[in-house]
Amino acid sequence: MGKLEKDKDGNLVIVVPYHIRHLGPRQSIVLECGSKFDDVMNEPLPKSIILAHQYAQMLECGRYKTVLELARALKLDRSYVARTLSLVNLAPDIIVAVMQGKTPPQMTLAKAVNNLPEDWQEQRELFGFCSK
């Protein structure tokens, strides 16, 4: 099950054990066997959040210098990669809720990747995680 931890610098880190399984041109996210995430592992929103963090790590470590370079390497559209990357800015508690399958009905992948507010409280209000 996913959990929040602090790294050596005191930053919050969301830990979700998984690996990517490639089946021809398709990818599946396989979460830790027997985890409570089994029901949501291939839903679009949790899968996109995991991919967003993978893409961000590829950029941060210098493996790719730009979103365009990353998108070309992945053979994906640049705008798709950029929209997916926006999910790294989701509030940590929202990410945990999504990974636990506790997503309010008004939170969809389309809504999350289009004009995502930077402010976490605004995100919570937009997606129905708290009352306004």
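A residue is called buried when its relative accessible area is under 20%, exposed when that value is over 50%, and partly exposed in between. The views below show details of a predicted model.

**View 1. A salt bridge between D93 and R124.** Side chains of opposite charge can pair when their charged atoms come close. Here R124 forms a salt bridge with D93, and the closest N and O atoms of the two are 2.8 Å apart. Because D93 belongs to helix α4 (residues 92–99) while R124 belongs to helix α6, the pair ties together parts that are 31 residues apart in sequence. The count of salt bridges in the model comes to one.

View 2. When residues up to four places away in sequence are not counted, Q123 touches N89, L90, A91, I94, L116, P117 and E118.

**View 3. The buried residues of helix α3.** In helix α3, which covers residues 78–85, the residues V81, T84 and L85 are buried. Seen down the axis of α3, these buried residues fall within an arc of 100°, so they line one face of the helix.

Terms used
Residues are numbered from 1 along each chain as its sequence is written. This is a predicted model: local features need pLDDT of at least 70, side-chain atom pairs count only at pLDDT 80 or more; totals for chains, interfaces and linings use all residues. Side-chain values use heavy atoms; hydrogens and water are left out. Buried means under 20% relative accessible area, exposed over 50%, partly exposed in between (1.4 Å probe, protein chains only). Helices (H or I, at least four residues) and strands (E, at least two) are DSSP runs, numbered from the N terminus. The arc is that of the directions from the helix axis to the C-beta atoms. Contact means heavy atoms within 4.5 Å. A salt bridge is a side-chain nitrogen of Lys or Arg within 4 Å of a carboxyl oxygen of Asp or Glu.
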